[in-house]
Amino acid sequence: MNKHKKQEGQIVVILAVAMVAILAVTALAVSATGELLASGDKEGHIKLWQLPEGVLLQSWAGHESPIANLSFLGKEDTLWSLDSSGALKRWQLPSGKEVSE
């Protein structure tokens, strides 16, 4: 692992720890490229962050229950979210618009 990649990984870990402590985050997911971070909180909100800068790109009310799990799919254009009640939703990125089937 080169020095640059190691430093980016450390920034992601520091950001994730800070988010959990400050924002009551209940779920995190990093995209396959490492360029996006999704966070979900106890209020059911989802936030999309640009890494490694930590810039907030989008925020939306995704669920009525706490977010239990998040997962990126494909080329960072789809995010799945699961809340504590079992509701599963799919989101188009970066807009944060729900995809209905």
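A residue is called buried when its relative accessible area is under 20%, and exposed when that value is over 50%. In this predicted model, 34% of the 101 residues of the protein chain count as buried.

The protein chain contains one helix and eight strands, and their order along the sequence follows the pattern α-β-β-β-β-β-β-β-β. Among the contacts in the protein chain with a separation of 6 or more, 29% are made by residues 24 or more positions apart.

**The nonpolar core**

The largest nonpolar core is made up of 13 residues, and those with the most contacts inside it are Ile46, Leu48, Trp60, Leu70, Phe72, Leu79 and Leu93.

The largest share of the core, three residues, is supplied by S5. Ile46, when residues up to four places away in sequence are not counted, touches Ser39, Gln58, Ser59, Trp60, Gly62, His63, Ile67, Leu70, Leu79, Ser81 and Trp91.

**The aromatic pair**

Two of the residues that Ile46 touches, Trp60 and Trp91, also form an aromatic pair, which is tilted, with 5.6 Å centre to centre and 55° between the planes. The structure holds one such pair. Because Trp60 lies in strand S4 (residues 55–61) and Trp91 in strand S7 (residues 88–92), the pair ties together parts that are 31 residues apart in sequence. Trp60 counts as buried because its relative accessibility is 10%, and Trp91 likewise counts as buried, at 4% relative accessibility.

Which side chain of opposite charge is nearest to Asp83, and how far away is it? Asp83, which is found in strand S6 (residues 78–83), is buried yet has no salt bridge, and the nearest side chain of opposite charge is that of Lys89, 6.3 Å away. The side chain of Asp83 does, however, reach the backbone nitrogen of Ala87, at 3.0 Å. Leaving aside neighbours within four places in sequence, Asp83 is in contact with His63, Glu64, Ser65, Pro66, Ile67 and Ala68; of these, His63 and Ile67 are also touched by Ile46.

Methods. Residues are numbered from 1 along each chain as its sequence is written. This is a predicted model: local features need pLDDT of at least 70, side-chain atom pairs count only at pLDDT 80 or more; totals for chains, interfaces and linings use all residues. Side-chain values use heavy atoms; hydrogens and water are left out. A nonpolar core is a set of buried Ala, Val, Leu, Ile, Met, Phe, Trp, Tyr and Cys residues joined through side-chain atoms within 4.5 Å. Buried means under 20% relative accessible area, exposed over 50%, partly exposed in between (1.4 Å probe, protein chains only). Helices (H or I, at least four residues) and strands (E, at least two) are DSSP runs, numbered from the N terminus. Contact means heavy atoms within 4.5 Å. Lys and Arg count as positive and Asp and Glu as negative; His and the chain ends are not counted. A salt bridge is a side-chain nitrogen of Lys or Arg within 4 Å of a carboxyl oxygen of Asp or Glu. A polar contact is a pair of N or O atoms within 3.5 Å; within protein, one must be able to donate a hydrogen and the other to accept it, and residues adjacent in sequence count only if both atoms are side-chain atoms. Rings of Phe, Tyr and Trp (its six-membered ring) pair if their centres lie within 6.5 Å; planes under 30 degrees apart count as stacked, over 60 as edge-to-face and the rest as tilted.
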